[in-house]
Amino acid sequence: MKFATLKNQTRDGQFVVVNRTMTRCVSVPNIANTLQQVLDDWQRCAPLLEDIYRDLNSGIIEGFVFDPEYCESPFPRAFHWADGSAYVNHVELVRKARGAEIPESFWREPLLYQGGSDSFIGACDDIAFTSQEWGIDFEAEIAVVTDDVAMGCSQDEAAKAIRLLMLVNDVSLRSLIPTELAKGFGFYQSKPSSVFSPVAITVDELGDAWRDNKVHLPLRSYFNGQAFGYPDAGQDMTFDFSQLIKHAAKTRPLSAGTIIGSGTVSNKQGTDFGTAISEGGVGYSCIAEIRMIETIRDGSPSTAFMHFGDHIKIEMLDEKGDSLFGAIEQKVVEKR
């Protein structure tokens, strides 16, 4: 199934079921008004929504035109948003660039931080900041949305709690990160509102591409209209989504609607550092990675972070070349 949230006069928007080709949609107020309501009552809602989805795809239900431009985030706000760093290659690159070794524990236990979840940005909305000196960067990721998860759950229980998937642009302000981390208290100002794909999908929409609790498809990023990266999201993922969920639930339960991110998708591509598309590789999912490689290789970075007017597009296609989640398409603008 595919779900979205349309903008309306309310804070939480209008929940809609979207057809497989993402051309038509229908609201179902008799079932749920928000996607959070669906997650809160999944056992009742899911079978009813499956019937709606089937009839929408077959044309029995006509619905109305679906346009991602009018979408909020599938969850305009959420009770819990935690982002991991499941691709240790990404972490290793960042540390190597500043001459630090990666601790051995990073290969045994995932990194995870809890981000702000009260003001997500729509997939086609501008990203506004007052300064471009903050080191504005995109991070292309995948996220899962869970049902209720018990504290201390097993990895199998964590896997069974996965209900939905989305794409993520986990916007980062790189120039603010070092000062915040140096205080020993984690991210805050350097991790502004995140962005999710216009559509959230159920696991079955991925078919054989979903296995081992990973998505085995390229995640494509286009920066100012040029292909920037298409690393395979199932490759070099050190910790799968069940492991991330289990880690998040070690000391607390997770409520239905919890969003867990993968962290920046990153492939080694048979080299120590990965390779740019222009050099025959699969590229990167954030600007920071290519800057780290430039630093390691050349002594200093040469690729700039994002400026006002820059555009980012993030999308995932199935094996037939059809978009699975719709595209995150955004421009960075100056907040006035």
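A pocket here is an open set of points on a 1 Å grid over the protein atoms alone, with protein on both sides within 12 Å along at least five of seven lines, at points where a 1.4 Å probe fits; a residue counts as lining if it has an atom within 4 Å of a point. The structure above is a predicted model, in which local features need pLDDT of at least 70 and side-chain atom pairs count only at pLDDT 80 or more, while totals for chains, interfaces and linings use all residues. Residues are numbered from 1 along each chain as its sequence is written, and side-chain values use heavy atoms, with hydrogens and water left out.

## Pockets

Let us start with the empty space. Rolling a probe the size of a water molecule over the atoms shows where empty space is left. A volume is the space filled by probe spheres set on the points, with grid points joined across faces, edges and corners. For residue classes, Ala, Val, Leu, Ile, Met, Phe, Trp, Tyr, Cys and Pro count as nonpolar, Asp, Glu, Lys and Arg as charged, and the others, Gly among them, as polar.

The second largest pocket has Glu205, Asp318, Lys320, Asp322 and Leu324 nearest its centre, and its lining comprises 15 residues. In the largest pocket the lining comprises 31 residues, and Val94, Arg174, Ile177, Leu181 and Phe187 lie nearest the centre. Volumes and lining classes are set out here.

| Pocket | Volume | Lining classes |
|---|---|---|
| Largest pocket | About 870 Å³ | 15 nonpolar, 7 polar and 9 charged residues |
| Second largest pocket | About 320 Å³ | 4 nonpolar, 3 polar and 8 charged residues |

At least two lining residues each come from strand 5 (81-84), helix 3 (88-97), strand 6 (112-114), helix 5 (177-182) and helix 7 (287-298). Helix 3 gives the most, with 5 residues.

Buried means under 20% relative accessible area, exposed over 50%, and partly exposed in between (1.4 Å probe, protein chains only).

Two strands pair if DSSP finds at least two bridges between them. Strand 10 pairs with strand 9 (residues 140-146) in the antiparallel sense over 7 bridges, and here Leu167 of strand 10 faces Ile142. Strand 13 (residues 200-202) also runs antiparallel to strand 10, joined to it by 2 bridges; Leu165 has Ile201 of strand 13 as its bridge partner. With strand 12 (residues 195-196), strand 10 again pairs in the antiparallel sense, over 2 bridges, and Val168 stands opposite Phe196. In a regular strand the side chains alternate between the two faces of the sheet.

Another group of 5 strands forms an open sheet with mixed pairing, in the order 7-20-19-16-17. Its edge strands, each pairing on one side only, are strand 7 (127-129) and strand 17 (226-229). On average, neighbouring strands of this sheet are turned by 25° against each other, direction ignored; axes are lines fitted to C-alpha atoms, for helices over the stretch in contact, and angles run from 0 to 180 degrees between N-to-C directions. Within the sheet, strand 16 (residues 220-223) and strand 19 (residues 311-315) pair in the antiparallel sense over 4 bridges, with Tyr222 opposite Lys313 of strand 19.

## Loops worth a look

Met22, in the loop between strand 2 (14-18) and strand 3 (24-27), has a positive phi near 60° without being a glycine. Met22 is buried, with a relative accessible area of 12%. The loop between strand 17 and helix 6 (241-248) holds Asp236, which is partly exposed at a relative accessible area of 30%.

Pro192 belongs to the loop between helix 5 and strand 12 and is partly exposed, with a relative accessible area of 22%. The C-alpha atoms of Pro192 and Ser172 are separated by 6.8 Å, although these residues are 20 apart along the chain.

## Cysteines

How many disulfides are there, taking a disulfide as a pair of cysteine sulfur atoms within 2.5 Å? The count comes to 0. The closest cysteine sulfur to that of Cys71 is in Cys124, 7.2 Å away, so it is too far for a bond. Cys71 is buried, with a relative accessible area of 0%, and Cys124 is buried as well, at 15%.

Technical notes:
Disulfide = S-S within 2.5 Å.
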